[in-house]
Amino acid sequence: MVCVLGIEGSANKIGVGIIRDGVVLSNPRATFHAPPGEGFRPSETAQHHRQQILKILTKALKEAEIKQPEKEIDAIAFTKGPGMGAPLQVGAIVARSLSLSWNLPLIPVNHCIGHIEMGRLITGADNPVVLYVSGGNTQVISYSHYKYRVFGETIDIAVGNCLDRFARVVKLPNDPSPGYNIEQAAKRGCKLLDLPYTVKGMDVSFSGILSTIESKAPKLLASGEFTVEDLCFSLQASSFVLVYETVFAMLVEITERAMAHTGSTELLIVGGVGCNKRLQVLHKQFPLRCRDSQRP
């Protein structure tokens, strides 16, 4: 049996997971929440991670019932990047310290590949086309000839970054996450604001949506013409029409190529934005064999 302890700290969340032969034994985490209207800064996020990492490590070992980690754990893994430099450094230093202290192999992990492989592990997907949507990434990916290859992606900002920055404009709280709070507020909205819809070949753009709603939101809210809930509804509808409905159409073409090239008949959605229930509902309507990397 192989047992690996992994540390993830690429953004505002720090976590320690222990897995044995594909079974998750523990996975505690802590999230840094900036005040409403603000994003999380690297230095403040790193300070949070330094304050939390040893508590989380202790909790992970306890939940996994690991008494002698140097004997029961086979390797230490950590997120090498991409991500925010200062927070990443915290996880890397702790991982290297554990590796040296316990005389265990050290395994650096690519953040993006980690998302995909975690999704494959949880769902059992074999060779899927991947829609990777998070705060820093929006990509359509497939594995071919020993490499992950990008079929389409955002040409400016990621969908998660678009949602986060909008949340700052309307002062939505960052706890538990801006995207989640937008999703909940959108359920109470009913008016749809016309926003730019930009698809360029196999790529998408979100900067126009963000700049439009940033410039219009203060006046619309002040006049009472739109509520915060209406703007959340408009942004989510436009974002996910763009990211998913359009990617839905894009994926028909992309998946045909991927199926011809790799034989894949599966679609896997990974990344933090994949937690959005609306996005999950849309992807479950996809006519192919779709997999959801988020646990029920």
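## Overall composition

Of the 296 residues in the protein, 48% are buried, where buried means under 20% relative accessible area, exposed means over 50%, and partly exposed lies in between (1.4 Å probe, protein chains only). This is a predicted model, in which local features need pLDDT of at least 70 and side-chain atom pairs count only at pLDDT 80 or more, while totals for chains, interfaces and linings use all residues. Residues are numbered from 1 along each chain as its sequence is written, and side-chain values use heavy atoms, with hydrogens and water left out.

The protein contains 9 helices and 13 strands; helices (H or I, at least four residues) and strands (E, at least two) are DSSP runs, numbered from the N terminus. Accessible areas come from the Shrake-Rupley method with a 1.4 Å probe, and for residues only the protein chains shown count as cover. Among contacts between residues at least 6 apart in sequence, 67% join residues at least 24 apart, a contact being heavy atoms within 4.5 Å.

## Packing around helix 5

Helix 5 (residues 159–169) packs with helix 7 (residues 207–223) at an angle of about 5°, and their axes are 10 Å apart. Axes are lines fitted to C-alpha atoms, for helices over the stretch in contact, and angles run from 0 to 180 degrees between N-to-C directions. Helix 5 and helix 7 are therefore roughly parallel to each other; angles under 35 degrees count as roughly parallel, over 145 as roughly antiparallel, 65 to 115 as roughly perpendicular and the rest as oblique. On the helix 5 side, Cys-162, Arg-165, Phe-166 and Val-169 take part, meeting Ile-209, Leu-210, Ile-213, Glu-214 and Ala-217 of helix 7.

Helix 5 also packs with helix 6, at an angle of about 70° and with the axes 8 Å apart. That angle makes helix 5 roughly perpendicular to helix 6. Here Leu-163, Asp-164, Phe-166 and Ala-167 of helix 5 meet Pro-178, Gly-179 and Ile-182 of helix 6.

## Salt bridges

The count comes to 3 salt bridges, each defined as a side-chain nitrogen of Lys or Arg within 4 Å of a carboxyl oxygen of Asp or Glu. Glu-44 and Arg-41 form one of them, with an N to O distance of 3.8 Å. Glu-44 is partly exposed at 32% relative accessibility, and Arg-41 is partly exposed at 43%.

In another, the closest N and O atoms of Arg-120 and Glu-117 are 2.8 Å apart. Both residues lie in helix 4, 3 residues apart, which is about one turn of the helix. Glu-229 and Arg-188 form a salt bridge whose closest N and O atoms are 3.7 Å apart. This pair links distant parts of the chain, 41 residues apart: Glu-229 is in helix 8 (residues 228–262), and Arg-188 is in the loop between helix 6 (178–186) and strand 10 (199–200). Glu-229 is partly exposed at 24% relative accessible area, whereas Arg-188 is exposed at 55%.

## Surface patch

Met-118, Leu-121 and Ile-122 make a nonpolar surface patch of about 260 Å². Patches are made of residues with over 30% relative accessible area and no salt bridge, with like charges joined within 9 Å and nonpolar side chains (Val, Leu, Ile, Met, Phe, Trp, Tyr) within 5 Å. Met-118 is located in helix 4 (residues 111–123) and is partly exposed, with a relative accessible area of 45%.

## Backbone geometry

Most residues other than glycine have a negative phi, and most peptide bonds are trans. The peptide bond from Gly-81 to Pro-82 is cis, with omega near 0°; Pro-82 lies in the loop between strand 5 (75–81) and helix 3 (85–102). Asp-175 and Pro-176 are also joined by a cis peptide bond, with omega about 5°.

Pro-176 is placed in the loop between helix 5 and helix 6, and Lys-171 lies in the loop between these helices. Lys-171 is not a glycine, yet has a positive phi of about 60°; its relative accessible area of 55% makes Lys-171 exposed. Glu-65, likewise not a glycine, has a positive phi of about 60°. Glu-65 is in the loop between helix 1 (42–63) and helix 2 and is exposed, at 60% relative accessible area.
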